[in-house]
Amino acid sequence: MLFRSRTTLTGKVMAGYQGWFTVEGDGAEMGWRHYSRRGQFQPGSCNIDLWPDVSELNDDEKFATKFRHADGKTAHVFSSHNPKTVLRHFRWMEEYGLDGVFVQRFVVETIRPAALAHCNSVLANCREGANQHGRCYAVMYDLSGLRAGGIEQAIADWKLLIDRMALGRDEQDRAYLRHQGKPVVAVWGVGFNDGRAYTLAECDRLVEFLKNDPTYGGNTVMLGIPTGWRTLDRDA
């Protein structure tokens, strides 16, 4: 196994790993999430653009749906809650030369206990998969959907991750991505003009915390910003 250097973001091909697909019976207790429309996943009620290819998955990774193939056979999907499937995704990354992922944590999904437990499971499985298959990973906070004051939830969540998982600090975790000598934390959703309730001042507080907090800081922060950031027009 070729273990890609975790010491720099420069030159890497990274993907966003949302890990948000759950199904009935997968143990997440969240039902059909991000497959369904209005809670239903069946013909006429579907929220995905492409059907996932599950041909390489084992039977214990495939979940039956109400959809049927042209030959009448049951169509199956995967769940992001299944550790075996997440590890398989990292093996595919190794096989196809992808360096790693930003594991997206939608801050609004860390508020409810069931959703938080799922987010934590996905992150832990990504950590294991990255270490097993020589890939890199880092946390990406997605601020979409946050209300005013919601940035404090992101700060509380990062404290929880450091206290429980020592992200970027555990020497046994060879896979957590670093850049310029510091662990990488990405924050997506800063500076958009689409009516987001949280403010630039709140975003500045989050960046300041991640960079300079004496206990939980010391990170390299990467921002996800609007297309029109330079001229402050269009979506900025």
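**Stop one: a nonpolar patch**

Select Val13, Tyr96 and Leu98: together they make a nonpolar patch on the surface, with about 320 Å² of accessible area between them. Keep in mind as you click around that this is a predicted model. Tyr96 belongs to helix 1, which covers residues 83–96, and its relative accessibility of 66% is why it counts as exposed.

Now pick Lys12, in the segment before strand 1 (14–17). What Lys12 does have is a polar side-chain atom 2.7 Å from the backbone oxygen of Thr8.

Hop over to Asp99, in the loop between helix 1 and strand 4 (100–106). Asp99 is buried too, at 6% relative accessible area. Show its side chain and the backbone of Val13: a polar atom of Asp99 sits 2.7 Å from the Val13 backbone nitrogen.

**Stop three: the salt bridges**

How many salt bridges does the count come to? The answer is 13. Start with Glu171 and Arg6, whose closest N and O atoms are 3.9 Å apart. This pair links distant parts of the chain, 165 residues apart: Glu171 is in the loop between helix 3 (151–165) and strand 6 (178–179), while Arg6 is in the segment before strand 1. Glu171 is exposed at 61% relative accessibility, whereas Arg6 is buried at 19%.

Next, select Asp59 and Lys62, which meet in a salt bridge at 3.7 Å, N to O. Asp59 counts as exposed, with 65% relative accessibility, and Lys62 as partly exposed, with 27%.

Then bring up Arg33, Glu109 and Arg112, which are linked in a network of salt bridges. Within it, the closest N and O atoms of Arg112 and Glu109 are 3.8 Å apart. Arg112 is partly exposed, at 42% relative accessible area.

**Last stop: the cysteines**

Finally, select the cysteines. Searching the whole structure turns up 0 disulfides. Cys136 is in no disulfide either, with its nearest cysteine sulfur, that of Cys126, 13 Å away. Cys126 is buried at 0% relative accessible area, and Cys136 is buried at 0% as well.

Note on methods
Residues are numbered from 1 along each chain as its sequence is written. This is a predicted model: local features need pLDDT of at least 70, side-chain atom pairs count only at pLDDT 80 or more; totals for chains, interfaces and linings use all residues. Side-chain values use heavy atoms; hydrogens and water are left out. Patches are made of residues with over 30% relative accessible area and no salt bridge: like charges are joined within 9 Å, nonpolar side chains (Val, Leu, Ile, Met, Phe, Trp, Tyr) within 5 Å. Accessible areas come from the Shrake-Rupley method with a 1.4 Å probe; for residues, only the protein chains shown count as cover. A salt bridge is a side-chain nitrogen of Lys or Arg within 4 Å of a carboxyl oxygen of Asp or Glu. Helices (H or I, at least four residues) and strands (E, at least two) are DSSP runs, numbered from the N terminus. Buried means under 20% relative accessible area, exposed over 50%, partly exposed in between (1.4 Å probe, protein chains only). A disulfide is a pair of cysteine sulfur atoms within 2.5 Å. A polar contact is a pair of N or O atoms within 3.5 Å; within protein, one must be able to donate a hydrogen and the other to accept it, and residues adjacent in sequence count only if both atoms are side-chain atoms.
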